[in-house]
Amino acid sequence: MKMTYISTISMSDGARRQMMGQASNVNKLQTELSSGRKFDVGLDLGSKTGETVSLRSEFEFLNTIADTNGLTASRLDVSQAAMDDIRTVAEDFLATLVAVRDSNGSNAVTQTEAAGNLELLMSRLNTQLNGNYLFAGINSDVAPINDYNDPLQPNKVAADAAFLGQFGFTQADPNVSTISGAAMTAYLNGPFDALFADPNWGNDWSSASDQTVVSRISASEELTTSVSANEDAFRKLAQAFTMMSDLGNENLGPDAYKAVVDKSISLIGEAIVGVTNLMGSMGTAQERVSVANDRISIQTDILNERINALENVNLEETSVRLNTAITQLETTYAISARIQQLSILNYF
Amino acid sequence: MSLSVALQVAQSALAARQAETATTSRNIAGAQDAGYSRKSVMLSSVYSEAGQSGGVRVEGVARTTDSALYTSLLTSTSVGSSQQAVLDGLERLHETVGDTALEMSPSARLGDLKTSIQAYAADPNNTILAQDFLQTAKDMARALNEGTDLIQSVRADADAAIADSVDEINQLLGQLENLNTVIVRGTQSGADVTDALDSRDQVLLSLSEEIGIRTLKQDDGGMVVYTDSGVTLFETTARTVSFDRTNTYSPTTVGNQVYIDGVPVAGPNAIMPITSGRLQGLTTLRDDVAVTYQSQLDEVARGLVEAFAESDQVAAGPDQAGLFTYSGGPAIPAAGTLVVGLAGDIQINANADPDLGGELDLLRDGGISDPLDPNYDYNPSDLAGYSGRLQEYLDALDAPRVFDSGVELDPTDTLSGFASSSVSWLQSRRQTATSDLEVQSVIVSRTAESLSNTTGVNLDEEMTRMLDIERAYAAAAKLITAVDSMLDDLLAAAR
């Protein structure tokens with residue numbers, strides 16, 4: 001017959017071991033309850049730890065994209081505002097030109113307006129945001145358009161030289177009034193056109209790059225988010241404003257003046273269409289950025305939920321388990337204290 | 001004459017009770033000693049040739065044993081201490097990952113790197129963002145360098161612990177030899193060797209923590225000890241266990257073997273490899289776990305060099321190591337092939353680091369491998385808004401590439417995916433080792449408890465036995481008094 005036998009040492013050892021285990025369990029649960037996260041995430045998740053690490057990276061990455069999308073959106077907004085200004089003055093000027101086309105004596109008025117418009121065009125194309133010139137393409141640290149009003153700038157120098165070369169006198173010369181309509185048309189369609197075409201445009205007027213800025217607006221989506229000052233529409237506007245302001249317009253004869261106005265009207269008309277198209281494509285980009293932002297916010301929510309599901313503990317469950325563990329530990333204390341007092345010696 | 005027989009029997013009873021008292025007090029003294037086994041007095045009846053009873057005789061002292069339980073305690077202790085050694089190492093390797101919220105693992109650093117590239121790409125003209133990109137790249141390289149240092153220090157520590165373990169084994173074998181001699185001699189002369197047997201069991205238990213053993217009892221009370229792979233550790237005399245320590249470890253260092261009597265039993269290419277014990281756990285850690293983890297980091301480093309490599313933009317020149325380079329640069333390491341120790345060697349190219357005389361703009365423009373070679377310049381006119389190269393970096397980090405298939409991870413993965421599966425590998429090893437050890441420690445403690453319950457001392461039993469002995473002693477003494485008075489009466493009658 002097997003007799004139940006227990007050694008004194010295993011009795012006390014057992015109680016000790018129980019207490020150690022339960023105390024460490026209480027400690028673990030207490031940490032989980034106060035932090036809300038698992039005591040040792042890596043140990044608990046094992047092979048799923050890689051998932052939470054990449055989810056966290058992904059989460060950070062998407063948040064950064066959301067930040068950079070903010071920058072992209074403001075870049076687009078500012079570009080739109082600048083182009084809107086340009087289009088407005090172009091439309092107003094077109095209206096003026098159509099009105100004055102057949103009336104002499106308005107030369108001085110249109111000249112002043114054209115000079116002002118050229119000023120505005122240059123300043124808008126040189127718009128800066130956060131240290132970057134928006135219309136400079138990727139050559140964003142250099143102002144794209146040279147100042148025509150500065151007599152030392154290459155665009156002004158080239159225009160003066162072309163005029164002098166064609167007619168033999170400068171724009172300020174009273175002889176300007178002798179230029180015939182045909183001669184002016186020939187000049188406008190010849191040397192003057194060439195000033196605003198490649199390669200002269202790039203050499204004299206603009207240092208912008210044709211390559212536009214590309215931004216990543218989601219994990220896998222890239223988007224063109226800038227317009228280059230080299231776009232035809234801007235060239236035509238620059239050409240029209242220049243010819244209306246700096247061909248000695250005050251003194252031009254009626255035929256020559258009419259040739260200039262006609263050419264301007266057709267250039268501005270084309271330019272307005274071009275600017276509107278550019279604004280349209282930027283508008284599409286704005287729309288895509290906003291859609292991408294919405295998607296990113298949904299994605300980050302999902303990622304966040306998944307990370308929490310992997311790493312966090314259920315607080316209610318943990319608190320119940322902690323209570324149970326504490327009760328258990330207290331019971332163990334009480335029982336072991338009583339067992340320790342048990343000795344046959346007390347009954348001798 | 002019967003009265004004298006009665007006296008003689010009573011005397012023998014007194015002697016037996018005294019022996020039992022001595023044994024009981026030995027038991028009480030050893031009650032709190034884990035290795036002490038319960039002793040009892042063996043008695044036999046004495047009778048004459050005529051069959052007349054002559055009382056009891058003390059034959060000797062016996063100890064309670066259970067060799068089956070004892071053997072399984074030895075085995076489970078060996079397995080447990082082997083698992084403990086591996087787990088301790090894994091816990092230290094876990095320092096390279098830490099809590100996921102700290103985001104300090106190589107994988108998390110890779111995420112940081114991506115984030116800072118994205119921020120920089122959105123504003124490539126911004127020097128602060130370029131600095132930030134450079135800094136996270138440095139952090140990335142440093143995480144890999146520090147990871148390598150840590151892994152190698154884990155290996156060096158394991159090597160030192162192996163040396164300690166070997167010393168311990170030799171010392172225990174020396175003790176075993178002394179005890180075994182005492183036991184063999186005592187058994188032959190019939191002396192009480194029970195305490196020596198207890199001590200020998202304890203020594204073997206300590207030995208089983210260091211190395212997996214099997215024991216065989218000999219007829220003369222001696223013991224032969226083999227390793228669990230069958231190499232003789234002890235037979236009459238102790239065999240020498242030897243090991244040459246390696247003080248410093250680099251990723252290419254190969255640790256030495258442990259020899260018993262000239263036979264390699266642990267370490268690389270052991271002929272008769274032991275399968276349990278701390279020694280086995282430590283060699284597994286040193287030669288397997290840590291080496292595999294190192295090679296995973298090496299592959300992450302190689303992936304980085306590859307992802308950031310620059311290609312010839314003009315002619316068909318070879319790709320060259322860009323932002324991340326190593327001592328073998330500017331050549332790119334062979335695709336899909338492990339370069340041992342690359343993680344410790346990877347560094348930021350000085351050409352891109354202003355602190356080392358480099359040019360920060362190269363981060364955006366390319367040409368980090370050789371700023372003087374225009375063929376590797378991605379942005380020859382140095383346009384400030386150029387972000388094409390930065391976008392390429394982002395694409396490269398998420399592009400599938402081929403890794404060495406010998407590092408226990410999926411060989412075709414993106415760099416980010418590969419790095420995070422390395423984290424998974426480590427944590428799953430740690431999780432498995434922890435739960436295995438939990439189970440094993442329950443087995444060990446249950447076995448030890450069962451053994452203690454079979455062979456240990458219960459104070460209550462000893463105390464009640466003490467009462468019995470007292471009673472019996474009093475009875476025998478009373479008997480002697482009775483016989484004495486009877487003899488007195490007889491002598492008085494005869495006078």
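In chain B of this predicted model, M42(B) stands opposite G60(B) in β2(B). That pair belongs to two antiparallel strands, β1 (residues 39–47) and β2 (residues 53–63) of chain B, which are joined by eight bridges. Strands are DSSP runs of E with at least two residues, helices are runs of H or I with at least four, and both are numbered from the N terminus; two strands pair if DSSP finds at least two bridges between them. The hairpin of β1(B) and β2(B) has five residues between the strands, and G51(B) takes a positive phi near 95 degrees there.

Residues are numbered from 1 along each chain as its sequence is written, while chains are lettered from A and ligands numbered from 1 in the order in which they are written. Since the model is predicted, local features need pLDDT of at least 70 and side-chain atom pairs count only at pLDDT 80 or more, whereas totals for chains, interfaces and linings use all residues.

Chain B also holds an open sheet of three strands in the order β7-β8-β9, with antiparallel pairing. Its edge strands are β7 (241–243) and β9 (263–266) of chain B, each of which pairs on one side only. Neighbouring strands of this sheet are turned by 35 degrees against each other on average, direction ignored. Helix α4 (residues 127–189) of chain B packs on the sheet and touches β7 and β8 of chain B, its direction making about 160 degrees with that of β7(B). Contact here requires that the C-beta atoms of two residues, placed from the backbone, lie within 7 Å. Axes are lines fitted to C-alpha atoms, for helices over the stretch in contact, and angles run from 0 to 180 degrees between N-to-C directions.

Within the sheet, three bridges join β8 (residues 258–260) of chain B to β9(B), and the two run antiparallel. V258(B) stands opposite A266(B) in β9(B). The loop between β8 and β9 of chain B contains D261(B), which has a positive phi of about 55 degrees although it is not a glycine. Most residues other than glycine have a negative phi, and most peptide bonds are trans. D261(B) is exposed, with 12 other C-beta atoms within 10 Å; the cut-offs on this count, with C-beta atoms placed from the backbone, are 20 or more for buried, 12 or fewer for exposed, and partly exposed in between.

Another such residue is D382(B), whose phi is near 50 degrees. D382(B) sits in the loop between α8 (362–365) and α9 (388–397) of chain B and counts as exposed, with 12 C-beta neighbours inside 10 Å. D377(B) is found in the loop between α8 and α9 of chain B, but counts as buried because it has 21 C-beta neighbours inside 10 Å. Not counting residues up to four places away in sequence, D377(B) touches Q313(B), D365(B), G366(B) and G367(B).

Turning to helix packing, the axes of α3 (residues 106–122) of chain B and α4(B) come within 9 Å and cross at roughly 165 degrees. The two helices are therefore roughly antiparallel to each other, a label for angles over 145 degrees, with under 35 counting as roughly parallel, 65 to 115 as roughly perpendicular and the rest as oblique. α3(B) passes α4(B) in a left-handed crossing, in which the near helix is turned anticlockwise from the far one by less than a right angle (clockwise would be right-handed). Their contact has 13 nonpolar, three polar and four charged residues. In these classes Ala, Val, Leu, Ile, Met, Phe, Trp, Tyr, Cys and Pro count as nonpolar, Asp, Glu, Lys and Arg as charged, and the others, Gly among them, as polar.

In chain A, the axes of α4 (residues 107–125) and α8 (residues 232–245) come within 7 Å and cross at roughly 150 degrees, which makes α4(A) roughly antiparallel to α8(A). Residues in this contact include L118(A) and L121(A) of α4(A) and F234(A) and F241(A) of α8(A); by class, the contact has 10 nonpolar, five polar and no charged residues. P199(A) lies in the loop between α6 (181–195) and α7 (200–205) of chain A.

Finally, the contact between the chains takes 47 residues from chain A and 49 residues from chain B. On the side of chain A that touches chain B, the largest share, 14 residues, comes from α3(A). By class, this side of chain A has 16 nonpolar, 23 polar and eight charged residues.
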